[in-house]
Amino acid sequence: PSYFCTDAVAAQASWELDFWGKFRRGVESADGAYLASIASYDNVLVSLLGDVTATYIGIRTTEQLIAIARANVRRQEKALSIAKAKFQGGGASELDVFQATNVLEQTRASIPQLTIQLQQGENALCVLLGVPPQSLGMVLSRSVGRIPLPPRTVVVGIPADLLRRRPDVRAAELAALAQSAQIGIAETQLYPAISITGTFGGAASTANGHTLGQVVAWKGVAYAAGPSFQWNILNYGQITNNVRLQDAKLQQLLVDYQNTVLSAQQEVDNGLVNYLQSRSQAEFLRRSVQAASGALRIATEQYEQGGVSFTTVLTAEQNLLQAESTVAVAAANVPLGLTAVFRA
C-alpha cells in the first residue's frame with residue numbers, strides 16, 4: 001500500500017495594548033498580595049516571639065513561686081516545732097499544733113501543683129521552639145527562679161508609630177490595595193481589547209515530492225500579522241455584576257482594616273498601661289512583703305514568750321506567703337507588659 005507523511009511547524013504571538021490599565025492593575029494587585037503575604041509572615045513571627053517570651057517568663061515565675069512555697073514551709077515547720085514544744089511543756093493547747101500542721105500541709109500541697117504547672121510550661125516552650133517535649137533543666141539552669149527584669153528606661157515611641165509598624169495592619173492595608181486593583185481589572189472588561197497578533201510557520205509533505213527535513217530548513221514558510229479587536233459588549237450585565245462583586249470585597253476588606261487598626265490601638269494602649277502600672281505595683285508590693293516578714297518575726301517571738309496566741313502567728317504566716325506570691329506575680333507582669341507592647 002502507498003502512504004505519505006506530512007509535517008508542520010508553526011508559532012503564534014500576540015501583544016495586547018494596555019489602553020485601560022488591565023495588565024498594570026494586575027501587576028499592582030499581584031504586588032499587593034505578595035507584600036501582604038510577607039506582612040502576614042511577619043505577624044506570625046511576632047506572635048511566635050511573643051509567645052516564647054511570655055512562656056519563658058511564666059516558667060521563671062512558677063520557679064519563683066515554688067521557691068517561695070519551700071521557704072514558707074521551712075518557716076511554718078519552725079512554728080510547728082515551737083507549738084509542739086509549748087504543748088509538751090504545758091504552755092499551750094494541742095489546738096495550736098493542729099492549726100500549725102494544717103497550714104504547713106496546705107503549703108506543702110501547693111508545691112506539687114506548681115511543679116505540674118512548671119512542667120507544662122516547659123512542654124509549651126518546647127513546642128514553640130519546635131522540639132519534642134522534654135526537660136529543659138539544663139537549658140534553664142543558669143538563672144533558676146529569676147524573673148527577667150526589663151531595663152529601667154524603655155523607648156516605646158508614640159502609639160501611632162507603633163501602629164504603623166504592626167505587620168497585621170500592613171497586611172490588612174495591602175490586602176485592600178490588592179483588591180482595589182481587582183476592581184480596575186474587572187472594569188477593563190467593559191472596554192474593547194485591541195491586540196496585535198502574528199503567526200508564522202511551514203509545512204512539508206512527501207506527497208508532493210518534498211522531504212520532511214525541509215520544514216526545519218524553513219522552506220516555504222508562511223506568515224501573517226495584523227490587529228485583533230474584541231469587545232464583550234453583549235456581556236455587560238455579567239461584567240458589571242463582577243465589578244460590583246469586586247467592590248463589595250473591597251468594602252469588606254476596608255472594614256477589616258478599620259477593625260484591625262482599632263484592635264491594634266487597644267492592644268497598644270493596654271500594653272503601655274500594663275507595663276507602666278505593673279512597675280509601680282511591684283514596688284508597693286515589695287514593701288508589703290517587708291512588712292509581712294517583720295510581722296511574722298515579731299509574732300513568733302511574742303508567741304514564744306506567751307504574749308500572743310498562735311492565731312496571730314498563723315495569720316502572719318499566711319499574710320507573708322500571700323504577699324510573696326503576689327509580688328512574684330506582679331514582678332512578672334512588668335516584663336509581660338513590655339512583651340505586650342512588643343506584640344502591639
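This passage describes the overall make-up of a predicted model and the lining of its largest pocket.

The model is predicted, with local features requiring pLDDT of at least 70 and side-chain atom pairs pLDDT 80 or more, while totals for chains, interfaces and linings use all residues. Residues are numbered from 1 along each chain as its sequence is written, and side-chain values use heavy atoms, without hydrogens and water.

The protein chain contains eight helices and three strands, taken as DSSP runs numbered from the N terminus (helices H or I, at least four residues; strands E, at least two). Their order from the N terminus is β-α-α-α-α-α-β-α-β-α-α. Of the 344 residues, 34% are buried (under 20% relative accessible area, 1.4 Å probe, protein chains only). Among contacts (heavy atoms within 4.5 Å) with a separation of 6 or more, 84% join residues 24 or more positions apart.

The largest pocket has a volume of about 220 Å³. A pocket is an open set of points on a 1 Å grid over the protein atoms alone, where a 1.4 Å probe fits, with protein on both sides within 12 Å along at least five of seven lines; lining residues have an atom within 4 Å of a point. The volume is the space filled by probe spheres set on the points, which are joined across faces, edges and corners.

Helices α1 (22–88), α7 (236–304) and α8 (310–343) each supply at least two lining residues, and α7 gives the most, with six. The lining comprises three nonpolar, two polar and seven charged residues, where Asp, Glu, Lys and Arg count as charged, Ala, Val, Leu, Ile, Met, Phe, Trp, Tyr, Cys and Pro as nonpolar, and the others, including Gly, as polar. Among the lining residues are Arg74, Arg75, Lys78, Arg297, Glu301, Glu304 and Glu317.

Key:
Buried means under 20% relative accessible area, exposed over 50%, partly exposed in between (1.4 Å probe, protein chains only).
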